[in-house]
Amino acid sequence: MKTALITGITGQDGSFLAEFLIEKGYQVHGTIRRSSVDFRERIAHLEGHPQFHLHYADLGDSMSIMQVVSKVRPDEIYNLAAQSHVQVSFDSPEFTADVDATGVLRILEAVRLCGLADTCRIYQASTSELYGKVEEVPQNERTPFHPYSPYAVAKLYGFWIVKEYREAYGMYCCSGILFNHESERRGETFVTRKITLAAARIAQGKQEKLYLGNLSSLRDWGYAKDYVECMWLILQQPEPEDYVIATGEQHSVREFCLHAFRRAGIELEFVGEGENEKGIDKATGKVLIEVSPDFYRPTDVVNLWGDPTKAREQLGWDPSKKTSFEQLVNLMVDADMAKVAVERAGEQVKMNLEEYLEKGIVK
Ligand code: NAP
Ligand code: F7E
């Protein structure tokens with residue numbers, strides 16, 4: 001039975017990867033951070049499972065990393081922990097650099113210092129943001145990098161230090177250059193989830209309007225559950241190599257909105273341009289989407305489109321057999337429609353209870 005250590009296990013990808021590895025028979029250890037509120041929603045269903053174990057550690061704290069690596073002595077490490085929000089990285093560039101760049105170095109050194117350099121394989125969660133202000137479309141493993149945010153610059157260090165340790169010390173460590181991947185577990189401030197949640201709330205009368213930034217931005221969006229399989233496949237190869245993981249399809253934020261609102265029962269049309277563009281409900285003429293400069297970034301990456309040929313040929317991972325764009329939008333909207341319906345039912349129960357208490361029906 002193999003032992004895996006996942007940093008960032010409470011995140012979208014970490015939770016899917018933990019499920020995937022448990023299913024494969026692994027002992028799965030994950031790192032969590034202390035927080036004053038409960039943040040384990042995505043992994044709550046795994047707690048208590050005999051193959052699932054949690055440890056406190058922070059990527060900004062070498063001692064905690066050393067401790068967990070020496071205690072667990074993993075066969076595989078999946079370094080998914082990061083300050084992963086691009087827009088936030090403009091507000092917190094130093095924190096982002098510490099976790100997303102130096103944090104990777106801390107993992108690599110912990111493995112070396114614990115004497116695991118020859119046995120432990122390391123996966124680094126790299127990103128299509130490295131291509132940034134793109135120099136080629138679509139992007140593959142040979143496309144030059146041009147990072148375009150503090151997040152991307154930090155992740156570029158992570159990519160290069162992994163390559164350096166591979167070459168300098170012969171370690172089995174590699175990067176998956178993953179394009180955007182989404183799911184019903186995606187953080188609510190990333191654009192796809194923000195849209196699906198708003199579509200569900202608007203359709204059920206719980207929100208009036210959705211404010212977005214650049215509607216013309218293009219992304220290659222896949223399903224996170226499909227992508228965690230690649231992380232594992234990358235570590236099962238005879239030689240450590242870096243891979244682009246993408247669907248090979250591109251869509252705009254505007255297109256995502258059209259599909260999501262349609263799934264929620266609202267047919268939209270977009271009128272106007274730039275900051276004056278609006279998404280209008282065709283049936284009622286109501287403005288449901290507006291553009292707000294608050295969601296513009298100082299530099300924005302607007303043309304991501306991945307070429308997954310190497311992954312298809314070497315890993316046998318074929319995106320055409322995985323979740324399609326339309327299926328992805330549908331499953332996200334369906335999950336948020338259900339979530340909003342449950343919230344509404346809860347509110348109704350609370351209102352009824354308050355009314356009964358007021359009337360003295362319930363004491
Ligand atoms: P996510 O949902 O934001 O999860 C990030 C995880 O990192 C959370 O578990 C978070 O813990 C943890 N974390 C943050 N700062 C930490 C620190 N200082 N020490 C320890 N843990 C820390 O991100 P995701 O979408 O699952 O992405 C996983 C990884 O893939 C990230 O490295 C991201 O940059 C990268 N990536 C993501 C995509 C994508 O489209 N999703 C694409 C390419 C690359 P808390 O829960 O405590 O905050
Ligand atoms: O933005 C535009 C925004 O925040 C996508 C992370 O997982 O994927 C993710 O980073 C696009 C950008 O993701 C809003 O300007 C418009 O062009 O969903 P996002 P991201 O920046 O692509 C990469 C691969 C990662 O590695 C990251 O960790 O959508 N956009 N309006 C908006 N974006 C947000 N968040 N909110 C808006 O209102």
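Colleague: Which way does α1 pass α7, left-handed or right-handed?

Modeller: The crossing is right-handed, meaning the near helix is turned clockwise from the far one by less than a right angle. This is a predicted model, where local features need pLDDT of at least 70 and side-chain atom pairs count only at pLDDT 80 or more. Residues are numbered from 1 along each chain, and ligands from 1 in the order in which they are written.

Colleague: Where do the two helices sit, and at what angle do they cross?

Modeller: Helix α1 covers residues 12-23 and helix α7 residues 224-235; their axes come within 9 Å and cross at roughly 65°. Helices here are DSSP runs of H or I with at least four residues, and strands are E runs of at least two. Axes are lines fitted to C-alpha atoms over the stretch in contact, with angles from 0 to 180 degrees between N-to-C directions.

Colleague: Which residues make the contact?

Modeller: Among them are F16 and F20 of α1 and V228 and W232 of α7, with contact meaning heavy atoms within 4.5 Å.

Colleague: Switching to ligand 1, how many residues surround it?

Modeller: 23 residues do, and the closest are T10, R33, L80, S84 and Y151; the cut-off is a heavy atom within 4 Å.

Colleague: Which element gives the most to that shell?

Modeller: Strand β5 does, with 3 residues.

Colleague: And what lies by the ligand's oxygen atoms?

Modeller: A polar side-chain atom of Y151 lies 2.6 Å from an oxygen atom of ligand 1, and one of R33 lies 2.7 Å from an oxygen atom of ligand 1. For Q12, a backbone N or O atom is 3.1 Å from an oxygen atom of the ligand.

Note on methods
Side-chain values use heavy atoms; hydrogens and water are left out. A polar contact is a pair of N or O atoms within 3.5 Å; within protein, one must be able to donate a hydrogen and the other to accept it, and residues adjacent in sequence count only if both atoms are side-chain atoms.
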